[in-house]
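Come along and look things up with me.

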Amino acid sequence: MEQEPSKIAESSVRPRFGRDALVASICGFVVVLMVGAAYAAVPFYNWFCRTTGFNGTTQVATSGPSGAPLARKIAVRFDSNVAGGLPWKFEPEATEIEVRIGEVVTVNYTATNQSARTTTGEAAYNVAPLTVGAYFQKINCFCFTEQTMAPGEKREMPVVFYVDPSIVNDHENDSLNTITLSYTFYPVREPTAKPLAASEPDKPKGNL
């Protein structure tokens, strides 16, 4: 017995609607996952790098190298990025400089809160190519530290670093002539509460 045309059309539309709903649900889940990953990127990256030493994160120097800088020079490029949800302008004072290997260098990044409210951000970084991560020694850096800025506030953030002279013994980097240091600021939705200073009295809570 043949089915009526209306029933045939109805039966063909239902599976299509089911597939469309499934695709829409999957896309929605992916969007939510990506947004969540953006906010979790900094703490996860921080934990991962400190655990594995990825990109030389554990290579933190307290002072410069003991010997004099080498004659060999290398270009260091500076990149800056701001993740969605953080209304900041963030840029380096110079996009590229040439340094001698073993030379201690200070470069400033500038961040400006362009919103009318106080906002907090935290930066993660990476060094490229990956083979030089262990040789890029940072003495001072603003990464993995919450930065809270008032409306319209502008702040300089220094990076003090040097390229470890031992890189010349790594023949994988014999042809290396450029290193890129890249920072990305992510929004912090729930900034860590700062403890009261020892000299600051506690505020009364309610009427006694």
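**Entry 1: a buried ring**

I began with Tyr 109, which is buried, its relative accessible area being 0%. For my notes, buried means under 20% relative accessible area, exposed means over 50%, and partly exposed lies in between, with a 1.4 Å probe and protein chains only. Before going on I wrote down the ground rules: this is a predicted model, in which local features need pLDDT of at least 70, side-chain atom pairs count only at pLDDT 80 or more, and totals for chains, interfaces and linings use all residues. Residues are numbered from 1 along each chain as its sequence is written, and side-chain values use heavy atoms, with hydrogens and water left out.

**Entry 2: ring partners**

Next I looked up aromatic pairs and found 13 in the structure. Rings of Phe, Tyr and Trp (its six-membered ring) pair if their centres lie within 6.5 Å; planes under 30 degrees apart count as stacked, over 60 as edge-to-face and the rest as tilted. Phe 90 and Tyr 109 are stacked, because their ring centres are 5.1 Å apart and their planes stand at 25°. This pair links distant parts of the chain, with Phe 90 in strand E2 and Tyr 109 in strand E4, 19 residues apart. Phe 90 is buried too, at a relative accessible area of 7%.

Phe 90 also pairs with Phe 185, this time edge-to-face, at 4.9 Å centre to centre and 90° between the planes. Here the link spans 95 residues, from Phe 90 in strand E2 to Phe 185 in strand E9. I noted Phe 185 as buried, at 0% relative accessibility. Ring pairs join a cluster of residues, including Phe 90, Tyr 109, Phe 142, Phe 144, Tyr 183 and Phe 185.

**Entry 3: the whole chain**

How many helices and strands does the protein chain have? I found 1 helix and 9 strands. These are DSSP runs numbered from the N terminus: helices are H or I with at least four residues, strands are E with at least two. From the N terminus on, the order is α-β-β-β-β-β-β-β-β-β.

Of the 208 residues, 34% count as buried. The accessible surface comes to about 13100 Å², and 56% of that belongs to carbon and sulfur atoms; such areas come from the Shrake-Rupley method with a 1.4 Å probe, and for residues only the protein chains shown count as cover. Among contacts between residues at least 6 apart in sequence, 77% join residues at least 24 apart. Contact means heavy atoms within 4.5 Å.

**Entry 4: the sheet**

I traced an open sheet of 5 strands in the order E3-E1-E9-E5-E7, with mixed pairing. Two strands pair if DSSP finds at least two bridges between them. Strand E3 (96-100) and strand E7 (147-149) are at the edges with a single partner strand each, so one side of each has no neighbour in the sheet.

Which way do E1 and E9 run, parallel or antiparallel? They run parallel, with 8 bridges joining E1 (residues 73-82) to E9 (residues 178-187). Asp 79 has Ser 182 in E9 as its bridge partner, and Ser 80 stands opposite Tyr 183 in E9. E1 and E3 pair in the antiparallel sense over 5 bridges, and Ile 74 stands opposite Val 99 in E3.

**Entry 5: the core**

The largest nonpolar core has 35 residues, and Phe 142 and Tyr 183 touch the most other members. Such a core is a set of buried Ala, Val, Leu, Ile, Met, Phe, Trp, Tyr and Cys residues joined through side-chain atoms within 4.5 Å. The largest share, 5 residues, comes from E9.

**Entry 6: some single residues**

Thr 119 sits in strand E5 and is buried, with a relative accessible area of 4%. Leaving aside neighbours within four places in sequence, Thr 119 is in contact with several residues, among them Leu 86, Trp 88, Asn 113 and Met 149. Thr 119 and Arg 189 lie 70 residues apart in sequence and 8.6 Å apart in space, C-alpha to C-alpha.

Ala 128 and Pro 129 are joined by a cis peptide bond, with omega about 0°. I placed Pro 129 in the loop between E5 and strand E6 (136-140).

My last stop was Phe 144, in the loop between E6 and E7. Its phi is near 60°, a positive value in a residue other than glycine. Phe 144 counts as buried at 11% relative accessibility.
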